[in-house]
Amino acid sequence: MAFTATQYLFKASIITATTANTVGSYTVPASTRGMIVGLTLANSATTNKINYADIGLHDGSQAYFIASKTPIPPGGSVVAIGVEKHVLPSGGSIRITAYGTGGLDAIATIVEIT
């Protein structure tokens, strides 16, 4: 089966998650698929405490974890997606939950295929 894409768009989605707050950093638009080519999380807390994060993908009806309770050291970062790529269907999203005393920044790089 051949796949023909009519358009490729590169997007960056930036979010800040706070303590025990689940956020959707990106949702795939209608009639589009989203390929996540990179996802980096950074501990942006001003304290010297480790932050933890749940990282999941949602296909529109079911959530799937990439990592659970991932430790992110103060001033450090974790590359959650970098080598393997994930494709989300229309309506799919990235879900990140932070557990800690401060913020967690996430940057996702997505290629939209229409």
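This text walks through the structure above, from its overall build to a few single residues.

The model is predicted, so a local feature needs a pLDDT of at least 70, side-chain atom pairs count only at pLDDT 80 or more, and totals for chains, interfaces and linings use all residues. Residues are numbered from 1 along each chain as its sequence is written, and side-chain values use heavy atoms, with hydrogens and water left out.

Start with the overall build. The protein has zero helices and nine strands. Both kinds of element are DSSP runs, numbered from the N terminus: helices are H or I with at least four residues, strands are E with at least two. Read from the N terminus, the order is β-β-β-β-β-β-β-β-β.

Next, look at contacts. A contact means heavy atoms within 4.5 Å. Take the contacts with a separation of 6 or more: 78% of them join residues 24 or more positions apart.

Now the surface. The protein exposes about 6200 Å², and carbon and sulfur atoms supply 57% of that area. Accessible areas come from the Shrake-Rupley method with a 1.4 Å probe; for residues, only the protein chains shown count as cover. Of the 114 residues, 39% are buried. Buried means under 20% relative accessible area, exposed means over 50%, and partly exposed lies in between (1.4 Å probe, protein chains only).

Find His-86 in strand S7, residues 86-88. Is His-86 buried or exposed? His-86 counts as buried because its relative accessible area is 17%. What does His-86 touch, leaving aside neighbours within four places in sequence? Its contacts are Gly-34, Met-35, Ile-36, Leu-57, Ile-66 and Ile-81.

Move on to charge. The structure holds one salt bridge, meaning a side-chain nitrogen of Lys or Arg within 4 Å of a carboxyl oxygen of Asp or Glu. Lys-69 and Asp-54 form this pair, and their closest N and O atoms are 3.5 Å apart. The pair links distant parts of the chain, 15 residues apart: Lys-69 sits in strand S5 (residues 63-72), and Asp-54 sits in strand S4 (residues 51-58). Asp-54 is buried because its relative accessibility is 5%. Lys-69, at 46%, is partly exposed.

Lys-69 has another feature in its backbone. Its phi is near 50°, a positive value in a residue other than glycine. Ser-31 also has a positive phi, near 55°, and it too is a residue other than glycine. Where is Ser-31? Ser-31 lies in the loop between strand S2 (21-27) and strand S3 (33-43). Ser-31 counts as exposed because its relative accessibility is 68%.
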